[in-house]
Amino acid sequence: MVKDSPNLLSRFDSILQAPGADRYRQRILFVLLVVSVAFFVLIGRLFYLQVIQGEALRQQSESNSIRLQSISPTRGLIYDRNGNLLVDDRPSFDLTIVLKDAKPVARTIETLSKYIDESPESLMEKIEQQKGGGPYQSIMLKKDIGRDLLAVVETHKYDLPGISVQVKPLRNYEEGKLAAHLIGYLGEINATELSKKKYSANRVGDFIGKVGIEKVYEKYLRGERGGQQVEVSALGRVFRVLKKVDPTPGDNISLTIDEKLQKKAEELLEGKAGAIAAMDPRTGEILAMASSPSFDPNAFVTGMSFGEWNDLSSNPYRPLENKAIQGEYPPGSIYKIIVAMAGLEEGVVDQNTVFNCTGAYYFGNRSFRCWRWKYGGHGNISLVQALAQSCDVYFYMVGQELGVDRIAWYATASGLGEPTGIDLDHEASGLIPTAAWKKRRFKEAWQPGETLSIAIGQGYDLMTPIQALCMIASVANGGERYKPQVVKSIKSAEGEVLFQAEPVSLGRLPVSRETLDLVKKGLREVVAGAHGTAHAIDLPDIAISGKTGSAQAVGRKEDSEQEDGSEEESNAIKDHAWFVAYAPSDQPRIAVVVFVEHGEHGAWMAPPAKEMIQTYLGGDGEGKTVVVG
């Protein structure tokens, strides 16, 4: 073979040298040129792909098979003061689709619709609404599908490319409506909230606290997101976890409320519009806070229809309003506590001052009636008995001597007319009017006769139930004004104490101990006195002190009888009813406010307050008192 090689070369050369060889030489050169160009193009392309674009293409290749998945943290738990679980988390199975993996999308959606009993059009509409987050974005098709539907989807997963089920923690309110206004609820984060710095760690679709404890303590409860790097198949199925960072669960919160007392408060408010709240007057800790009507916060997590939302938001009794801190009402006769303290401190009256109540007080050309005007009035009456029997005429006289501005000073210095500072959002301020306030508000001068209405808690006076509770609690404890607190402690998931409640003083009532002692004597007589307006709740084993109050909801003509009309119209003109109390009278451990819209008589609110006190202190009106806490 080696010997033959020169002969082959010489033969090839002779062909090229033969006549007409130029044509063959040109063809061969052309073929060699084409091959050479193709070779260099191939080499150049390989160089471009492997060297210049190599890193980018490598990352793109990996992204097709390796993906990052977010892991939502479990939200912190919420307990009552005794360790009873009120709010926890449960697993939620959410049905999602990745469009890049689901091709052909229309066929996949058509198949899925048969298994989950939802139309393809509805599913495609959800996809269109959530598009724009990238080819590998998980788009939510159905939240919280339940275990039965989960089993169906998993059984047919090979017919559903790109369809997966993500497990997320879902908020669960163990007792439904219990303490709903205090605890609050979660809702999906919106665009405005996402733009705020405090929500920088959140993403579209996250649930955050919207009101109550859930909102105010969001930074403690939410935890920190985790993630994992996974390898997926061509159909988007995860078959290997490459790396994982576990989420950090939220911190656990213990509230100051007592679950048993809270349940009692809500039971007592059933079918009424109003609020009941209780406080430890020694610390400011809220023991119960109920507002009625209420709502189930679970409905906000699982989702509600437009009709359900409309029923809630348009209900005339305002179930979404926390009436304990947002409801502003004329305080009626419970305001006489402030007027009594002001009168004593200013020297207008003392313990021996006696006024004669004939049933009405005449001022100018008007008569201002006492609630006992039909019975001839209260006769000669002192301050203690005026509080006990809630004599309007006595306080008309005291108020007229004091004037609106001096009354307002004592009310403001006692914490009224401004938020209490409780750690809940949207707290109302109430209103303590002055002559200057009326001039600014109405461009009119204060009229002397208006002071008479103010002196008995009518007119422009407005108070929230939580303000009334703080007022009676500060009287009960000897004059210390404590900030109302709803969180007793905050602990990490590992048990580290992050916060422990301590009493926070806001100052003292602007009165002497002698004044307080005399006022407290009158409040004890409200219950213990034979003619006290709440004598019906006097107990042999628990000394209760309190004050009844009725406040007109609308103006009515004097002497007018109830006109015929609908039940709703009749209720709308009935007086609001108040009762504030504390017990035991000598060493108070609980203060209570009971308020019912259009409840008519403050005395009717005393029995619910008695039940609250008995529930907490353990007395039953017959046996020995068992003091709790």
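Me: Quick one on Cys-370: buried or exposed?
Reply: Buried, with a relative accessible area of 1%. Bear in mind this is a predicted model.

Me: What about Cys-470, buried or exposed?
Reply: Buried, at a relative accessible area of 15%. The cut-off for buried is under 20%, so Cys-470 falls in that class.

Me: Switching to the surface. Which residues form a nonpolar patch there?
Reply: Phe-39, Phe-40, Leu-42, Ile-43 and Leu-46. Together they have about 520 Å² of accessible area.

Me: Where is Leu-46 placed?
Reply: In helix α2, which covers residues 21-52. Leu-46 is partly exposed, with 38% relative accessibility.

Me: OK, now Ala-581. Which strand is it in?
Reply: Strand β22, residues 576-583. Ala-581 counts as buried, at 0% relative accessibility.

Me: What does Ala-581 touch, leaving out residues up to four places away in sequence?
Reply: Ile-472, Ile-544, Ser-545, Gly-546, Ile-590, Ala-591, Val-592 and Ile-613.

Me: How many residues apart in sequence are Ala-581 and Ile-613?
Reply: They are 32 residues apart in sequence, and the C-alpha to C-alpha distance is 9.0 Å. Ala-581 and Ile-613 are also in contact.

Conventions
Residues numbered from 1 in each chain as written. Predicted model: local features only at pLDDT ≥ 70, side-chain atom pairs only at ≥ 80, totals over all residues. Heavy atoms only, no water. Buried < 20%, exposed > 50% of the residue type's maximum accessible area, 1.4 Å probe, protein only. Patch = residues over 30% accessible without salt bridge, like charges linked within 9 Å, V, L, I, M, F, W, Y side chains within 5 Å. Areas by Shrake-Rupley, 256 points an atom, 1.4 Å probe, with all protein chains shown as cover. Salt bridge = Lys/Arg side-chain N within 4 Å of Asp/Glu carboxyl O. Helix = DSSP H or I, 4+ residues; strand = E, 2+ residues; numbered from the N terminus. Contact = heavy atoms within 4.5 Å.
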